[in-house]
Structures are given as structure tokens and as C-alpha cells.
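Hi everyone, thanks for coming. Today I'd like to walk you through one structure, so please have a look at it with me.

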Amino acid sequence: MADLEDHHPFAPEHTGAASGELDAPEPPLPVDELARAQALLAAQPVIEGHTDPPREFDPEDLPPTRAAEAGVQLWSLHVEAEESVIGTLRRIDGIRALVAACPEDLRLAQTTAEMAHAMNCGRVAVVLGPVSWAALAGSIAALRAYHALGVRAVNLTRFDGFTREAVREMNRLGLVVDLSGADPETARRVLALTKSPVLLTLADPEELPDDVLGLLGRNNGVCMVPVTGQPSATADALDRVRTLAGPQCVGLSHTTDPDGGYAPLFAELLRRDWPASDLVALAHDNATRALRQAEFLSRTTRLRRAV
């Protein structure tokens, strides 16, 4: 009889659910990295470091084609060397006209607060810059004039006495130094001099020596990498910057495939176990921080001089 009781079909060991024990959970469904990437980018628009505005502003083809995930664009003011200052001024004038012609899509922004406001209104924030080195014409007065016109980045590609003076004045004004295309020695010397973070708005990390990326990390600058149709290759380049400079130094220049957008790259980075915080930093936090720190340094410098 005892044996029968010990093996009663309704004994507790046969009725786990009835005794309050939970059944084993169902295995989780497979994660769709592309869907996660699209959701992240919908909430965290990309800051593009290098947008080439159209040379001809055709009203039938406005606004210019862009990736849907882009929230802020730095519009390049690079001109041919012979165009110099006049060519740059014409380009600024043309961009202002284009933005004015597309009020439902574009809004000019001169500060990070204006960038955020434009995005909150559903517009793409257009930031003027970088200006090319040749367009400075060796003149600090030209630098100040560009700043007054709303330019917020200047490309420095060589180092000499004028560059040293220009970097100090850019720090004072709140202009960001763009080191795209600078040789390694110029990059090293500017990074040793500037007091605010630099940008590389159009960078090829393979051309940057390890020590320069290390210096960029200490500067908290941002290396903005073009996104190609090969997400794995772009992810490799970003991995190198993230490893040598730090996650605070990665950014995006532009995409060569606006229709495809940035989601395939972010899906690849999710597969590589990039945390969400690093992906948000890549999309816009790092570049926003660099621009904001340039603004802050400018304000504090002017306050100290006013006292």
C-alpha cells in the first residue's frame, strides 16, 4: 500500500503546474537586426559630416536627394583653388537660396540648439561648412567673415604660422577644425594645439596612423567615415577607429547610397555586438558633442576676456 501511495498518479512530482511551478519558457524569437537598426535610426537621426550641395539649383529637383535617416548635414563649401574667397561666397549664397526654397524640408542651423529645433520640427538641419583651406587666402579677417556668415567648420590641411593663428582664432570663435585630408604631421600638430574637439568630416581611417587616432581619442574629436554599399567594409573601418580612438570618436560622413540609407550598416554593427549607446553616439551624439564643446569654449573664452 505504501508503494502505491508513493507512486500515486496525482502525487506532487507529477503535477508541477498544479503545485505552482511554471513551465519552461518558450525560446525567444530570432532578432531581426535590420528592424532593430531601422527603429534606432528612426529615433536617432544621423549627423552627416560631408554633404556636397548641387552645383545647379534646379527648382524641379528640390530638395536634394538624401538618406531618410539624415537629421543634420554639414554642407561642404569646398571650391577649386582658383575660385578662392569669391567662389566660396557664391556657394554660401547659393546654399542659403536653396534652403529658403525648401522651407518644409531644410532649415539653416548655426548652433546645436538650432540643429535640435530643426529636427524637432521635422526638418533637416543644414550647417555651413567646412570651408576649404584655399578659401581662407591666408587671412584671419576672412575667417571671421565666414563665421559671421554662419560657417561652423573650416578645413585645415597644412601647418604653418598662419595655421597656428587660425586654430587659436577658431577656438575663440567657435569654429570647428576639420582635419580631412591633412597629412599625419599636420594632424599631430593641430591636435596638440587646439583646445576643442576636431572633426574629420570626410575620413579614410586606413590613411590615419595608429598614433594619430590615439591623439584623436585624447582630443575627443570625431572621425566621420563614409558609408558605402559594403556594410562589412565600412564596419571594419569604424571598428578600427573605435578600438584605437574610442567609441566617443566614431561618426558618419555620408552615404554613397541614399536610397539604401544607414540601416544595413547599423544592422551589421548590431551583429558585431555594438551596444546601443555606441550606435547612438555614432549616429549623432559624438558629432553633436564636438560642435557643442566648440560653442562652449567660445563662450567661456569671450567671458574671460570680458572680465
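Let's start with a question: is the crossing of α5 and α6 left-handed or right-handed? Keep in mind that we are looking at a predicted model. The crossing of these two helices, α5 and α6, is right-handed.

Let's stay with this pair for a moment. Helix α5 covers residues 140-148 and helix α6 covers residues 161-173. Their axes come within 10 Å and cross at roughly 25°. Angles under 35 degrees count as roughly parallel, so that is what we call α5 and α6. Who meets whom here? From α5 we have Ile 140, Leu 143, Arg 144 and His 147, and their partners in α6 include Phe 162, Ala 166 and Met 170. Sorted by class, the contact of α5 with α6 has 6 nonpolar, 1 polar and 4 charged residues.

Now let's zoom out. The protein chain has 11 helices and 9 strands. Of its 307 residues, 48% count as buried.

In soluble globular proteins, nonpolar side chains tend to be buried together. Here, the largest nonpolar core has 69 residues, and Leu 179, Leu 238, Leu 252 and Phe 266 are those with the most contacts inside it. Helix α10, residues 263-271, gives the largest share of this core, with 6 residues. There is also a second, separate core of 17 residues, with Leu 74, Met 115, Ala 118 and Ala 290 among them.

Finally, pick out Leu 179. Leaving aside its neighbours within four places in sequence, its contacts include Asn 155, Leu 156, Val 190 and Leu 200.

Note on methods
Residues are numbered from 1 along each chain as its sequence is written. This is a predicted model: local features need pLDDT of at least 70, side-chain atom pairs count only at pLDDT 80 or more; totals for chains, interfaces and linings use all residues. Side-chain values use heavy atoms; hydrogens and water are left out. A nonpolar core is a set of buried Ala, Val, Leu, Ile, Met, Phe, Trp, Tyr and Cys residues joined through side-chain atoms within 4.5 Å. Buried means under 20% relative accessible area, exposed over 50%, partly exposed in between (1.4 Å probe, protein chains only). Helices (H or I, at least four residues) and strands (E, at least two) are DSSP runs, numbered from the N terminus. Contact means heavy atoms within 4.5 Å. Axes are lines fitted to C-alpha atoms, for helices over the stretch in contact, and angles run from 0 to 180 degrees between N-to-C directions. Angles under 35 degrees count as roughly parallel, over 145 as roughly antiparallel, 65 to 115 as roughly perpendicular and the rest as oblique. A crossing is left-handed if the near helix is turned anticlockwise from the far one by less than a right angle, and right-handed if clockwise. Ala, Val, Leu, Ile, Met, Phe, Trp, Tyr, Cys and Pro count as nonpolar, Asp, Glu, Lys and Arg as charged, and the others, Gly among them, as polar.
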